[in-house]
Amino acid sequence: MGKRNKWRKSMVLALALAGGLLFNTVQPIEAHAEETSQQMIDKKAKIDAEVKKLDKELEQLQQDIDAKVKVFNQVQADIKEVDAGIVETEKRIEQRSTILSERMAAYQAQDNTVGVYLSVVLEAKSFADLMDRVVAVKTLMDADQELVNQQEADKAKLEQQKATLDEKQKELQKQFQELQQKESEMEVKKAENQAKSLALKAQIATKKEEERLEAERKAAEEEAARLRALQSARPVVNVNNNNSTNNNGNKNNSGSKPQPIVVGSGAGTASSGDAISTAKQFLGRAYVWGGSNPTTGFDCSGLVQWSYKQAGVSLPRTASQQYLATKRISASEARVGDLVFFSYGSGVAHVGIYLGNNTMIDAQNKGVVIESLDWWNQYLVGFGRIQ
């Protein structure tokens, strides 16, 4: 019995010690779990705030662009108003010129203008008739002079209107370039912020979600890197076989005058022909910032994307993305349907569809037009072939 009691006491003591050890072990684990959970909550709140901050940056950039769009649209409206004024002034000048020409022809049929009026006065039959004729002659002479004065005033006004129109068109071109530049910057910022946002979200994701977010982050970072490199390269104009540029965007023949660009005119493909036919349907349509279909109207890359979409070819939305999505070719290799890209200082900001014979169709500040590359060559980055 003594041994059995001792064994029981030993077992109780052992169990008590085990219970104490277990209690001491479990308590810290539970405390640690609670601490980790709170840390995760705090971390998620912090990450959510960072993601929101990234979104706010994009919102601010978009607000800046929207403000510029309003200015651009107002200048477009101003140009339309000035154009209408010019039409009216020219119409008045033309009508008045017809009247003055007829008067001049009548006067030239006589010896002189004074003789015509003098004969009218001398034919008076009485003093009262004489006074009536003098008043009538003076009225006619004043009317003739008024016509001449009005004509001169309208001609001066027309010159002023044309000068105003020229200023407005230059202002519109400047706004057009600034808008496209802003879009190029926005694309870089979007890609960069998307990559940052995905990296932040991956820190609080499950293992399965983390793998997906990581893959998306890598893709976003690659896109951001490509766009950033394109933005910082500052492409130089007049890219051709004789006057090429190096990877830093510096002219290889520094100090020499730009050589004339020799542009090819090879035949296009069936799809490029369909795309060009689609684009030509919108000739004369006004330029609409951010427009990408016939309902909204078109900007430059929107016209290119829509036209090729109708031909069964998928292209990205922006000019810089379309540049990255096409194969680089020299100007002399260009053929109908290739895309031609332009920059106003950094990054690719404008795009058109090459038509051959040194011409392209594009949506620019004056709307959808077919135009020569001669003026645009000062901003030329290069040509891209859709693969």
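Helices here are DSSP runs of H or I with at least four residues, strands are runs of E with at least two, and both are numbered from the N terminus. You're looking at a predicted model, where local features need pLDDT of at least 70, side-chain atom pairs count only at pLDDT 80 or more, and totals for chains, interfaces and linings use all residues. Residues are numbered from 1 along each chain as its sequence is written, and side-chain values use heavy atoms, leaving out hydrogens and water.

Now pick out the open sheet: its six strands run in the order β3-β8-β4-β5-β6-β7, with antiparallel pairing (a pair needs at least two DSSP bridges). Select 327-329 for β3 and 367-372 for β7: these are the edges, each with a single partner strand, so one side of each has no neighbour in the sheet. On average, neighbouring strands of this sheet are turned by 35° against each other, direction ignored (axes are lines fitted to C-alpha atoms, for helices over the stretch in contact, with angles from 0 to 180 degrees between N-to-C directions).

Zoom in on Met360 and you'll see Glu371 of β7 standing opposite.

Which helices lie across these strands? Select 270-280 for α5, which lies across β5 (350-356), β6 and β7 and runs at about 110° to β5. Then try 300-310: that's α6, lying across β4 (339-342), β5, β6 and β7, at about 50° to β5. Contact means heavy atoms within 4.5 Å.
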